[in-house]
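Dear colleague,

Please find the structure below, followed by a summary of what was found in it.

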Amino acid sequence: MAIPIPNRQLFIDGEWREPALRKRFPIVNPSTEEIIGDIPAATSEDVEIAVDAARRALARNKGRDWASAPGAVRAKYLRAIAAKITEWKSKLAKLEAIDCGKPLDEAAWDIDDVAGCFEYYADLADGLDAKQKAPVALPMETFKSYVLKEPMGVVGLITPWNYPLLMATWKVAPALAAGCAAILKPSELASVTCLELGEVCREVGLPPGVLNILTGLGHEAGAPLASHPHVDKIAFTGSTITGSKIMTAAAQMVKPVSLELGGKSPIIVFEDFDLDKAAEWTIFGCFWTNGQICSATSRLIVHESIAAEFLDRLVKWVKNIKISDPLEEGCRLGPVVSGGQYEKVLKFIATAKSEGATVVCGGARPEHLKKGFFIQPTIITDVTTSMQIWREEVFGPVLCVKTFSTEDEAIELANDTHYGLGAAVISKDLERCDRVSKALQSGIVWINCSQPCFTQAPWGGNKRSGFGRELGEWGLNNYLSVKQVTQYVSDEPWGWYQSPSKL
């Protein structure tokens, strides 16, 4: 069922180009630990070439080919990309599954979302021209003012490995819709489908240089992209530590950044909700995408009156999860992405035990899988708020649990984090859900669910989870610069200074 990994180069200026230093590095299938191919390793030399290509794309024909073309022109290409993605869905989903370990059903869902995201931003590109010259009401009749929305220019897009093509699309689609030229640097741990996006763009005839794709290590390709003086904006999704470095690099040139960073999101379960429904949303919120979601609701805060029964129910649900090679039918949990991530997650679990927490299920490799970076879905109790497992992002299938007695206590526990990306509240009492939603310090709140994500709704966090919003119209605005144009419309002289002709 597996398919061979295409042997791609870097995608620069509409062509496949060998990296300047001719280096490549291996792709490891996390399910088998086998090397299944390799990808090019870009360096600062390739960043220079890509930035030049992007600059030329914006300047070509005085901008009329892309940046200042009618939105409908860009929309045509975005729709063509969406159609090609849909046509290639089966292949792309399989490549995603063997590259990052995501269950095939999830990967197929992601590819549908990729096509939908390009379609959505095609619609917004179509509507952009009608919003130009939006008038601004002024208190003086002698002036008229309007606003232009212009593309920011060349944008650097640095994306993670947990949703390789989808997270790239969240940035690429609005950036292109806005009229920017983009340089995409996906994670070196999962770049295969992002390189295939280059082939999609080549097939649909996207103008050269509008989208360039550089695979490579963060310090060799991502860092020179973030600090490049001719890159006008950086959008990054990844760890808080790397986000801080990108912000530092961008600050030297006062370059705008938008950051979607780590999380340690809470899910609060009140005593009045159906236990099985709450259990399924709890495990979905933490364990899908193999637990590797920045918004994972990995801190369960459950009412003390139902805690024992709910935990028992959770364990039963967890033991029913099919853990297997992602390409196996019905797989619901695959491996984490790499050996390094595997060791990191197991160390988190060991540290929790050494600090006095209790592993009530999981915590190790599944017995039936001798190879691959597989970790059982893990539930940890007897957690205190000072423990590492409560405070730090694991990025693996690990749920930690605390109980509460009052609504105020639940909110305090939920907000007890440096992060603020997502949060969930589970209760039949919708007035209570509304109160708690307002009190939670996060950019996203889910009521009676966890993790649903729609292209139309804003996505982003507070505190150390970053700033700026992706998706919806907010995502398009990330890549647009606002220009005020004000005109003096009176025939009368301004009259502030005495005219020499009247002296």
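Domain 1 and domain 2 bury about 2,300 Å² between them, 60% of it on carbon and sulfur atoms; buried area is the accessible area (1.4 Å probe) that two parts lose on being put together, summed over both. This is a predicted model, in which local features need pLDDT of at least 70 and side-chain atom pairs count only at pLDDT 80 or more, while totals for chains, interfaces and linings use all residues. Residues are numbered from 1 along each chain as its sequence is written, and side-chain values use heavy atoms, with hydrogens and water left out.

Domain 1 covers 10-16 + 23-261 + 465-486 and domain 2 covers 266-447, the bounds coming from an automatic or database domain assignment. Their centres, taken over C-alpha atoms, are 31 Å apart.

At the interface, 25 residues of domain 1 are in contact (heavy atoms within 4.5 Å) with 29 residues of domain 2. One salt bridge is counted between the two domains, the term denoting a side-chain nitrogen of Lys or Arg within 4 Å of a carboxyl oxygen of Asp or Glu. R332 forms a salt bridge with D105, with 3.0 Å between the closest N and O atoms. The side of domain 1 that touches domain 2 comprises 12 nonpolar residues (Ala, Val, Leu, Ile, Met, Phe, Trp, Tyr, Cys and Pro), seven charged (Asp, Glu, Lys and Arg) and six polar (the others, Gly among them).

As to overall dimensions, the C-alpha trace of the chain spans about 90 × 55 × 40 Å along its principal axes.

Yours sincerely
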